[in-house]
Structure formats: C-alpha cells, structure tokens
Amino acid sequence: MANISSLGIGSGVLTSDLVDQLVKAERAPADNRFTRKTEQSEAMLSAYGKLRSAITELRLPMRQLSSADNLKAFSATSSNEDIGVSVNSAKASRGSYSLDVTSLATAQALASQDVFADRDTTSVGEGKLTIAVGDKTANITIDSSNNSLQGLANAINDAGVGVSAGVIDTGNGFQLVLSADETGTANAVSITATESDGTNTDDTGLSRFAFNADMAENAGFSQTIAANDAVMKINGIEVTRSTNNFENVIDGLSFDIKDIGTSTVKVSQDVGAVTDRVQGFVEKFNALQVTIDSLAGFNAEAGVGSLLTGDSTVRALQSQLRQVLTGVVPGLENANVRSLADVGIKTDPNTGALEFDRSIFETQLKNNPDDVTALFAEQGRTTDGQVEFVRSGLSTQPGRYDINVTQAATRGQLTAGSALASSVDVTSTNDEFALTVNGETTVNLKLTQGTGVTAQALVDDIQAQLNSNAALSASGESVQVSLDSDNKLVFTSGKYGSESNVSISSQEDANAFGLTGASGTAGQNVAGTIGGKVAEGDGQVLFLGSGSGPASGLQVRILGDQTGARGSINFVQGLGKNTVDLVNSFVGIDGALASRTSSLNRDLREIQENQIKLDARIESYRERLVKQFSAADSLISQLNSTRDFVTQQLEALAPQNFNK
C-alpha cells in the first residue's frame, strides 16, 4: 500500500480519510453481495445436512426389513433349564418337540496301573509309544533324555495328538494320568508300545502304558472316566453326538445339554419382535416428515415459506417416497397382502405422517406370514416344490422367470470293485481304512471287530463310524454308505457338484470288503436356463451372472433329479429394498443431495475466489486514488504558492506603497 500520510497537506481536502471513505463505498456493494450469498449457501448446506441425516436414519430400519430373516423372528423355550435351546430364525419354524436326554458326552480319562517311586528319576523304559485319538496319530520317542514319568508326560503334551498328560502325587507314589481333549467315543485313546529291546508285552518297560478299548485287565491304564457320546431322543428318535451340543438336528435349533432329563421345547414366532422392527421404520419415517416440514414447510396463514420451500430435491424425495410406500408391490397384485395399508400402515392426509395399527399388522403376520415377508423383503415364489429361491443380485428385476433344467446335480460316489460275501470277518488285519472326501477331508475309520458279520451289519457299523468321525464333523461334510443291487459297498458324498467325490486313500487289506479296484466318480453341477438365459451351476444352485437381462444375479436351488421344465419363479423385491435403494439415490456418493451440496460448496469456493479478486481490485483502486490525490494535492500546492507570490506582488504595487 502506498504511503498516504501526507495527503491533504496541499489542499486540505484530499485526505487519507477521504480515500478510505471512497474505497469503502466502492467495496460495500460487492461485500454485501458476497455476504448474502455466503450466508444463503451455508444455510442451505446446513438444511441439506439435516435432511440427509433424517433420510439416512430411515435406511437402517428398512435395511433390516429388507431381509426375510428379520421378518421370521422365532423364539424357543425349554421346560428344563439343563436342556438349553437357541434358535436361528432364518431356518426355524413353528413346532413342539419332546426331548429325553439319556447320556452326556464325556472325555475319556485314564490313570496308569503302575505307581512310580519318583516322577523325575524312576525309569519308565525306552522305545516308542504310538498314541491315536480320533483321526490323529503321533509317535513319541522315549530315550535317555526323557526316560521318566514327567518326561513321558511332557512328550505326550508336546505331541499335540488330542490328549493331555499329567503326573499325580498320590501320597504313596506317582501315577501318570491322561485325559482326551474332546468328548465322545470317537475321541477314545489308543496306545501301542514298541520297546527298544523288542519286548513289547513284558509289562516292565513302555509296555506298561499300552492301552485300547479291547484290552481288559492287562491294560497299562485303568479307565477312570469312559468316553461317551451324548444321546438324546427327539420325539422318540434317538440322536447321538460326540459333544453336548446338538446342532443341525432340527432346522434352526441347537441344544446345549448340561444334564440328563426330559424337556418340552416349543418354537413360536416372535410376532412382537417383528412388529417392533416395523414400528421403528414408522417412527423414522415420521421423523423425516417432521424434518421436511421444518425445512420446506409453508405457513399459509402468514404466507411465509421455509428455507427449502419449493426445493426440487425435497419435492422429488417426497414424491418418490409416496410412490414406493403407498403403491401395490409388484408381484403381490393377487396376494392377501399387497401394500402397507393392508398391514395397518396408513398415511395421515393432513400431515403426511404414517399411522401404524400394531394389532392389524400382527394379525396379518400370523395369518399371511409369506405375504407380509414379501411386502418388505425380497422373496422368490416358485411353482415347483423342489425349486428353492436362494438370493437375488444387485440388478435383479421383479418379475416371473421360467426355469428349465438340462442336467440335474449329482453327488460324488465311490463304488467297490466287487460284491460283499454274505458274511465277513472283521479282524485286526482289515478293520482300518481311510477315505478322502471331496478332495480335502481325510476320514480314518476303525471298524468293530467280529466274525460272521453280515453285509448290512457291516454297512451299519461303517455308517456309525462316519457319523461320529471328528474330521467329517469339523469340515461340515458327510458321507452315506449303502449296498447297491450287486451287493457292492457304495460311498456317497453329501455334497453335490463337480467338487464332490469319495476315494480310498489307504487300506490295511487291499482285498477287504471288495474295495479292491474301487473307483470314485465326481459329481456334476446342475445346468439349465433361467428366464431363457443360459445359467451357471454350482452344485445344486443354478444362477445367472451379470449382464443376463432382468434376472441377472438370480439364484435358485434345484432339488431332485428331474430335467426339463421346472416351473417358474416369481421374484418380489419388497418395500425394504426399494426404500433402501431410494435412500441411497439421495444420500449416496452420486445422489441428489450430494449433487446439491457439491454445487453449494462450489459456490462458496467461487465466493472466496471472488473475494480474493475483490481484495486485489480494491487495493489497485486505492493505489490509483492515492496517486491521483497526490498529483492533485501537489498541483494545488503549486497553485497556492503561485497565488501567494502574486498576492505579494500585487500588494507591493498597491498605491499606498507609492506614497511612501
């Protein structure tokens, strides 16, 4: 800024105060305009922020209602607190079950028969112990470095085979105790000894620790707790599990057993929980209406509107919400429940708020649960009882789509190479073999020994071993064994599709049970079309990928082995998904509110940029005024000097001066 402290000396008029006043007058209109625009834009941003928050609040309850699982809330009660029950609403259904628990699952516990004088110095023998627990096996070497009772216990614990070892001081000596880590008969402990001197049965070295279920009095350990399975009858049907938790027995129910006894378990729909979720949606919608009224309402009496009165974004939001929430849901035109009005949700014409009659809703939920579910959540209604809706995709459009199956899904199988004899002997030379299931899970089987075992008895024993196998249970896989028409053993995977298979991975006796030359056949994926578009198959699931027309992303499960036309599926999207999509269209990154707020933020940035330009222009204007005032002041000063000189000269020429 130019130095203007000397302005006005020559004229007494063109002062710095006058420059300031002129600059202020020049700046004022633009400053006032920028202030008004800034205040208006910031007020609009605040209003849109409140509107965005209220709209977003509506998304959560509608997202919950868009899931069919949240509209099928079930609760379960048990008459016996020692028989607990939990429920998965996605799979459960109404029912009453009588339970009778006759046995709890226990983990096997063993104590050495021999008592040792010292835990650290008394020799236990050298050689190798082979410990098998379930499908795990470990070889433990005992030598001079760990030849003691404590050394043996440490070696067992380090093996990680599924059994824990410890040493107990009885007061009369020391005993080795073992306990299986897992409950159930499948996790029973078996120990064989191989002594370094080759004498494995003299009961003086490591052979003192040999044990298996078939050994009686001569076993190296006494069984202090037997390995037992949990046994429970459900409506008279006996069910066995290796743990005290029963899952996948009844769809959607799990039982946690603490003691033997009986119980009556009742499963009923938790109507109140579903109604509360709908009540939450109504409350959030009404809160949105209050926000809209405060931001965009119009006071007819005062003739005054609000900040967003007449705003196109608000009008579009109200119009689209009204269209989604008041119309008939596509696909439910002929259903008992077609719209919100049918379940007790109506609009107040004066305020636009929703009014909710809980009693009407609960009655409809009890009488027409499928229709109420479809009103809010996506649902696929199939005309073939063996076709199930799995899920939709992001771009699946409501509508009816025909389903045609060209290839049914199959399961992988292993068929024995030759037929079983009418009876077989199961001995220590052929009682063990292993299967590989679905290319990943190894299943080690140890059959019950016996002579003259019938073919069906053998099948039953193998199936029992498969049912209780820990590896299969952990992987979630299953295998069924049966006899075909030629009396050959057939192992069938519980999984469908190309990844399904069963094969022999090891066998003690290559000729046992006709398994010589047994070959596995992989399963096949389902194949066919949905809505006339060629679909992909994954096991029993037939699905369309993206870019496949209106049914893109639709998935159905095809049960049974029928090919050809399998009816159709009517996909109903429901109000929940439609409302969530509508909310996202306004509050999403590319939504209408984002566009408006981005525009307002651009306006604020432009105001700031124009403010900077104004500052520069005003500074230039000030400098120009100072230069002009300085030049004028200098000229006036010169003129004043000339005036003073002329005045002096004229005074000198005055007549009175001549008389002197």
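Buried means under 20% relative accessible area, exposed means over 50%, and partly exposed lies in between, with a 1.4 Å probe and protein chains only. By that scale Asn438, at 8% relative accessibility, counts as buried. This is a predicted model, in which local features need pLDDT of at least 70 and side-chain atom pairs count only at pLDDT 80 or more, while totals for chains, interfaces and linings use all residues. Residues are numbered from 1 along each chain as its sequence is written, and side-chain values use heavy atoms, with hydrogens and water left out.

**Loop residues**

Helices (H or I, at least four residues) and strands (E, at least two) are DSSP runs, numbered from the N terminus.

- Asn438 lies in the loop between β25 (432-437) and β26 (441-446), and its phi is near 55 degrees, a positive value in a residue other than glycine.
- Asn235, in the loop between β11 (230-234) and β12 (237-241), is not a glycine but has a positive phi of about 55 degrees.
- Asn235 counts as partly exposed, at 45% relative accessibility.
- Gln540 sits in the loop between β33 (533-538) and β34 (541-543) and is buried, with a relative accessible area of 14%.
- Leaving aside residues up to four places away in sequence, Gln540 touches (heavy atoms within 4.5 Å) Ala409, Tyr496, Val526, Val556, Arg557, Ile558 and Leu559.

**Nonpolar cores**

A nonpolar core is a set of buried Ala, Val, Leu, Ile, Met, Phe, Trp, Tyr and Cys residues joined through side-chain atoms within 4.5 Å.

- The largest nonpolar core has 51 residues, of which Leu51, Phe281, Leu340, Ile345, Phe361, Leu375 and Phe376 touch the most other members.
- At least two residues of this core come from each of α1 (16-65), α3 (271-296), α4 (312-326), β19 (354-356), α5 (358-367), α6, α9 and α10 (592-652).
- Helix α3 supplies the largest share of this core, 10 residues.
- Phe281 touches Leu58, Pro61, Met62, Leu65, Leu325, Leu340, Ile345 and Leu354, not counting residues up to four places away in sequence.
- A second, separate core of 30 residues includes Ile140, Phe174, Phe211 and Ala219.

**Packing of α6 and α9**

- Helix α6 (residues 369-376) packs on helix α9 (residues 574-587) at an angle of about 10 degrees, with the axes 2 Å apart.
- Axes are lines fitted to C-alpha atoms, for helices over the stretch in contact, and angles run from 0 to 180 degrees between N-to-C directions.
- The helices α6 and α9 are therefore roughly parallel to each other (angles under 35 degrees; over 145 is roughly antiparallel, 65 to 115 roughly perpendicular, and the rest oblique).
- Ala374, Leu375 and Phe376 of α6 meet Gly574, Leu575, Gly576 and Lys577 of α9.
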